[in-house]
Amino acid sequence: PSTLDDTHYVRVTGLQPNTTYCFVAVSGTSSSAQTNVTTGATLAVPSIDNVFGPVFKSDGTTPAIGTIVLLRIQDNNGSGTSGTSALRSALVDSSGYWSLNLGETRTQDNSAYFQYSLSGDLDLITANGAADGTASENVNTSSDNPVPPMTLTGGTTVALAINAGWNLVSIPVQPATSYNAQSMIDEINKQGGSASENDRWYLGQWQGHVNGYPFNNYSVGTGEGFFVKAGSPSTWVIQGGNSTSSASSPNTATTAQTIQLNAGWNLIAQPAWSGTCSYTAKTLTDELTAQGGSPVEIDQWVNGSWSAFIVGYPFGNFNIAKGQGYFVKVNAPSTWTPCQ
């Protein structure tokens, strides 16, 4: 839709069962990587279990109209389907309320309805109002009609999709609190995820942190890319703040304006402090060249495989998105100063 706003919610109808659809989100001159979604089978008419609740802006009284509410059911009593359900979503309407039929919630592979208890399981709920802030709560399924009111706090936020398997991500906003490898995993999992490992490319080799272990608990900067391994899909909502965190390793930003590139491969990201600038693989490598660098190739991780743009060739150009990491190969050390 051609709507200028800081949250967007589109309801797609007319889809066929057991069919893979591809979509790209476009904002101005920028677009996301292609995402593939496979619909589930046609199931019997679901039961009716309506859940709903109000969402307010930070003053606690103004309805947060346009806020997107994300929900998963989590098994909490060992009965019914184990783990967490597929993600559900709803929009806060002009009344200030959102609503969903919980009975329609499916398993993560969309093949069946998620079997839950009317008491004892949990609704994991996150409200994302973009510039208005975020809120989250975990509600027992016995107390979700209505759920307790949610009040948005914190201002700038961003929601990143975490897929099952490996995800190449970055921090696209200046975080309200700084992250290390473990706290990044903890926050993803607290929001219903199942992250088990966080890896970075450090001085020409991989360095990994495994959930719950004390080694390699490195700091996470906003100009870096990180591979996160997850057992199931989830959404990670990152709260922005006023911090000016910069790089923590020789492979990333050394100031709040410059990213250091070493000869060979570098795992970088468009940093939070680069403002509203947009890049493609070609314009990024052109900028690196103009700043005295010698880029050869830039690669992105999409749907479990690599795609590459090679400098000097017309094919393979893709958009650079905040929130994603990219491998850049250069022939000699250089620095990159992103547009502000």
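Visitor: What is the relative accessibility of Asp132?
Guide: Asp132 counts as partly exposed, the label between buried (under 20% relative accessible area) and exposed (over 50%), with a 1.4 Å probe and protein chains only. A quick heads-up: this is a predicted model, where local features need pLDDT of at least 70 and side-chain atom pairs count only at pLDDT 80 or more, while totals for chains, interfaces and linings use all residues. Residues are numbered from 1 along each chain as its sequence is written, and side-chain values use heavy atoms, leaving out hydrogens and water. Back to Asp132: its relative accessibility is 29%.

Visitor: Which residue's side chain meets that of Asp132 in a salt bridge?
Guide: A salt bridge here is a side-chain nitrogen of Lys or Arg within 4 Å of a carboxyl oxygen of Asp or Glu. For Asp132 the N to O distance is 3.9 Å, and its partner is Lys57.

Visitor: How many residues apart in sequence are the parts that this pair ties together?
Guide: Lys57 lies in the loop between strand S5 (50-56) and strand S6 (68-74). Asp132 is in the loop between strand S9 (122-128) and S10; strands (E, at least two residues) and helices (H or I, at least four) are DSSP runs, numbered from the N terminus. Because the two sit in these separate loops, the pair ties together parts whose separation in sequence is 75 residues.

Visitor: Is Arg88 buried or exposed?
Guide: Arg88 lies in strand S7 (residues 88-91), and its side chain meets that of Glu104 in a salt bridge (3.4 Å, N to O). Glu104 is partly exposed at 39%. Arg88 has a relative accessible area of 14%, so it is buried.

Visitor: About how far along the helix are Asp286 and Lys282 separated?
Guide: Their side chains meet in a salt bridge of 2.8 Å, N to O. They are 4 residues apart in helix H2, so the separation is about one helical turn.

Visitor: Which residue just after H2 takes a positive phi?
Guide: H2 spans 281-290, and Gln291 lies in the loop that runs from there to strand S23 (295-302). Just after the helix, a positive phi of about 95° belongs to Gly292.

Visitor: Which residue's side chain makes a polar contact with that of His209?
Guide: His209 is found in strand S16 (residues 205-210) and is buried, at 0% relative accessible area. A polar contact is a pair of N or O atoms within 3.5 Å; within protein, one must be able to donate a hydrogen and the other to accept it, and residues adjacent in sequence count only if both atoms are side-chain atoms. At 2.7 Å, the partner of His209 is Gln182.

Visitor: Which residue has a side-chain oxygen that reaches the backbone nitrogen of Gln182?
Guide: Gln182 is one of the buried residues of helix H1 (residues 181-190), and those residues line one face of the helix, within an arc of 160°. At the start of H1, the oxygen that comes to within 3.2 Å of that nitrogen belongs to Asn180.

How values were computed: The arc is that of the directions from the helix axis to the C-beta atoms.
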